[in-house]
Amino acid sequence: HTLHEALVLEAMTHDTETLIKVGFRSFLTLFQLGGDILMCIVFQMCAVLAMGQEGTVIICLIAVFPIMMGALLIIRMRVTRMALQQRKHNDQILAAHVHEMVSKIGLLRDFGLRGWVMDRHV
């Protein structure tokens with residue numbers, strides 16, 4: 001099984017840039033968002049302690065909200081992953097098509113000379 005030059009070139013240029021833009025930057029953003037969420041939870045717990053008896057409803061809401069958001073994020077991640085896989089597949093098809101067309105450029109050039117050869121030899 002061999003790789004087309006176009007696929008290797010596409011992987012070296014497109015995928016590397018995507019890895020840096022999406023992967024590493026998202027990893028750093030994850031820590032920032034985790035700190036923000038932690039501070040919100042601390043703030044909510046302090047608010048519950050300050051409210052006294054009414055705090056039980058707030059504690060229930062605090063417990064349910066992260067579960068709902070986590071489920072939503074998991075669903076969104078799956079849909080996004082499927083869309084990105086489809087996009088990558090389409091990019092590979094395009095790269096293979098371009099590689100095939102470039103490999104046949106000599107055939108197209110020879111077809112363009114067909115009239116000249118016929119005039120000269122016929």
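1. Ile 37, Cys 40, Ile 41, Gln 44, Ile 58, Ile 62, Phe 65, Pro 66, Met 69, Gly 70 and Leu 73 line the second largest pocket. On a 1 Å grid over the protein atoms alone, a pocket is an open set of points where a 1.4 Å probe fits, with protein on both sides within 12 Å along at least five of seven lines; lining residues have an atom within 4 Å of a point. Two or more of these lining residues come from each of α1 and α2, and α2 gives the most, with 7 residues. Helices here are DSSP runs (H or I, at least four residues), numbered from the N terminus.

2. The model is predicted: local features need pLDDT of at least 70, side-chain atom pairs count only at pLDDT 80 or more, and totals for chains, interfaces and linings use all residues. Residues are numbered from 1 along each chain as its sequence is written, and side-chain values use heavy atoms, without hydrogens and water.

3. The lining of the second largest pocket divides into 9 nonpolar residues, 2 polar and no charged. The space in this pocket is about 340 Å³, a volume being the space filled by probe spheres set on grid points joined across faces, edges and corners.

4. The largest pocket holds about 500 Å³ of space. Its lining has 16 residues, with His 14, Thr 18, Leu 19, Val 22 and Leu 84 nearest the centre. Here α1 gives the most, 9 residues, and the lining divides into 4 nonpolar, 4 polar and 8 charged.

5. Glu 10 belongs to helix α1 (residues 5-51). Glu 10 counts as buried because its relative accessibility is 14%, the cut-off being under 20% relative accessible area (1.4 Å probe, protein chains only).

Technical notes
Buried means under 20% relative accessible area, exposed over 50%, partly exposed in between (1.4 Å probe, protein chains only). Ala, Val, Leu, Ile, Met, Phe, Trp, Tyr, Cys and Pro count as nonpolar, Asp, Glu, Lys and Arg as charged, and the others, Gly among them, as polar.
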